[in-house]
Structures are given as C-alpha cells and as structure tokens.
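Colleague: I am new to reading models like this one. Could you walk me through a few features?

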Amino acid sequence: MRIGLGGRPVRGVLLAALALTLLVSPAACRPDLTPPGAPTTWPAASARLWRWQWQLDGPLDLTVEADVFVLDPVATTSAQTGELRALDRRLVCQVHVGSVHPQDPDATRFAPQVRGATAARTGRRWLDVRRWEALRPVLADRFRLCRGKGFGAVLLADADGYARSPGFPLEFDDQLQFNRRVAGLARSLDLSPGLLGNLGQVAALEPDFDFAVDEECVRLQRCAKLLPFVDAGKPVFHVEYAGTLTDFCVTSVGYGFASIRKNRTLDAWRLPCPAP
C-alpha cells in the first residue's frame, strides 16, 4: 500500500471498502448542533466525518442529506435557515471579503478609492485590503446579516487578491494581516471563520481559521497544501467538478477531507464521497 504525506493512505485503498462505507450511517458520529447565539464548533473527532453541501445557485434544496450547508446569505431566507437548523444542520454563509460585485446590495458603500481591477471570470472588482478602516464597517454588516439569519460560521471568499491581479500593489503580508483581521472580526460577531482557497497562505493562517474549503485540489495536485488544517484536527471541505467519485475519493478521503462532486454552477446537485 502506498502511503501519502503524514502516513495517510492515498492509493491502494480498495474501492470495495469505500462502497461498503456507504452502507454505514454517520448519524451516530455527529455531535449536537451548537445552540443559536454561539459560533459553530468543529469537534476534531468529527473532522473527517462531516457530510456537506455547497449551494449558491438555483432553488435551495433543504432535503439534501448533509450536516453542513455553505450558502449565499443574501439569497437564503431566515425561514430556510430556520428549517435547516430544525434539522440540526450547521450553516455557513459565504461572504466575499476581498471583492465587490456591482449587483451586491451594499456595492455603493465601497468608495472608488478601494476598488481595483475587475476579475474577468466573475465580474467582481478586487478591494484594497490595506484600507482596513474603510472596509471593516461594510464587512461587519455582511457578517451581521449572516448572524441575523441564523448562520454560525462564515466562509471568506476572495481572500487571496495578493496572488491575483487586483490593481493594487498588494504584498503577501498585506493579505495575511487583512485575513487575520477579518477572521477576528468574524469571531467578535459569534461566527466561526473558514478559509476558501488561498493555499499559498494556509500554513500561516491555519491557527486563525476553524475550517477550510478548497476546489479541485486532486485535479490540480495540490491537496498536500491543506494538511495544516488536517493535522490540527480541523475539517477540510473539498469539491471536484470533473470525473467520477472513484477518480478522486480515494485520494481526498485518504488525506482526511470531506469531499463531494459538484457542478461548477454550485446548484443543488451533489455526489458525496463515502466517509471513512
């Protein structure tokens, strides 16, 4: 059997064993949901066992058998979060902390001086993360929206402008300081902070964040960069957009990730890897 980094089995795991785990219900392994008013906790014993869903497009499917839902806080209603909480689901709102889109409800609150280049794929404009005092009030209100709708955690998106072409001379340390400040802001508002992507800063930021979400690390051959979260007993929620489960589940589950297959549009459809 080949052994991956940290002694984790990456290859050689029998696919039949993976199939058998589909017959085992993880319900008995799930901890109780944190009561409203407190940030979501992520017990280390459950880090590999979470079933998760990431939906940002289309009618929200409340029937998905997942423990953790990553959702759009603007499109998701309080009634929907209430239904999910009644089912003991953990709720994570995805918030763009390093960019703004013209259609964002609070777009006009970002002064022209803090807006940079436009990302071609998303149409979002990068923000000057060095201008903390200008960005903090708007980000705080975005987080309060999450909290008010019943979310207990927040996923920080576009927290890697320094590695893009943001239109500002952002340095590694500028981004690092900003991300730590935003994580602290989330905690001050009773939200558990999670990091989306930004693998170049994972090793430095792991102590500041409670969980990570990453896209296509198997296809891009970069899953090892997420090991600081795994080694700290924190969940890594992973998604692939191509291939079958047998193409990536052995690798991702071997690393200790909670993995699913999704459409790139992040609609309701999903195929989960079996839990270990």
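Predicted model: local features only at pLDDT ≥ 70, side-chain atom pairs only at ≥ 80, totals over all residues.

Colleague: Which residues of α7 are buried?

Modeller: Phe248, Cys249, Val250, Thr251, Ser252, Val253, Gly254 and Tyr255. Just after the helix, Gly256 takes a positive phi of about 100 degrees.

Colleague: Now salt bridges. What is the general idea?

Modeller: Side chains of opposite charge can pair when their charged atoms come close.

Colleague: How many salt bridges does the structure hold?

Modeller: It holds 17. One of them joins the side chains of Lys234 and Glu206, at 2.8 Å from N to O. Lys234 lies in the loop between α6 and β10, and Glu206 in the loop between α5 and β9, so the pair ties together parts that are 28 residues apart in sequence. Both Lys234 and Glu206 are buried.

Colleague: Asp128 and Arg130 also meet in a salt bridge. Which of the two is buried?

Modeller: Asp128 is, because its relative accessibility is 4%. Arg130, at 39%, counts as partly exposed. The N to O distance is 2.8 Å.

Colleague: What about Asp214 and Arg222?

Modeller: Their side chains meet in a salt bridge at 3.8 Å, N to O. Asp214 is buried at 1% relative accessibility. Arg222 is partly exposed at 29%.

Colleague: Which residues form a network of salt bridges?

Modeller: Asp104, Asp106, Arg124, Arg142 and Asp158 are linked that way.

Note on methods
Residues numbered from 1 in each chain as written. Heavy atoms only, no water. Buried < 20%, exposed > 50% of the residue type's maximum accessible area, 1.4 Å probe, protein only. Helix = DSSP H or I, 4+ residues; strand = E, 2+ residues; numbered from the N terminus. Salt bridge = Lys/Arg side-chain N within 4 Å of Asp/Glu carboxyl O.
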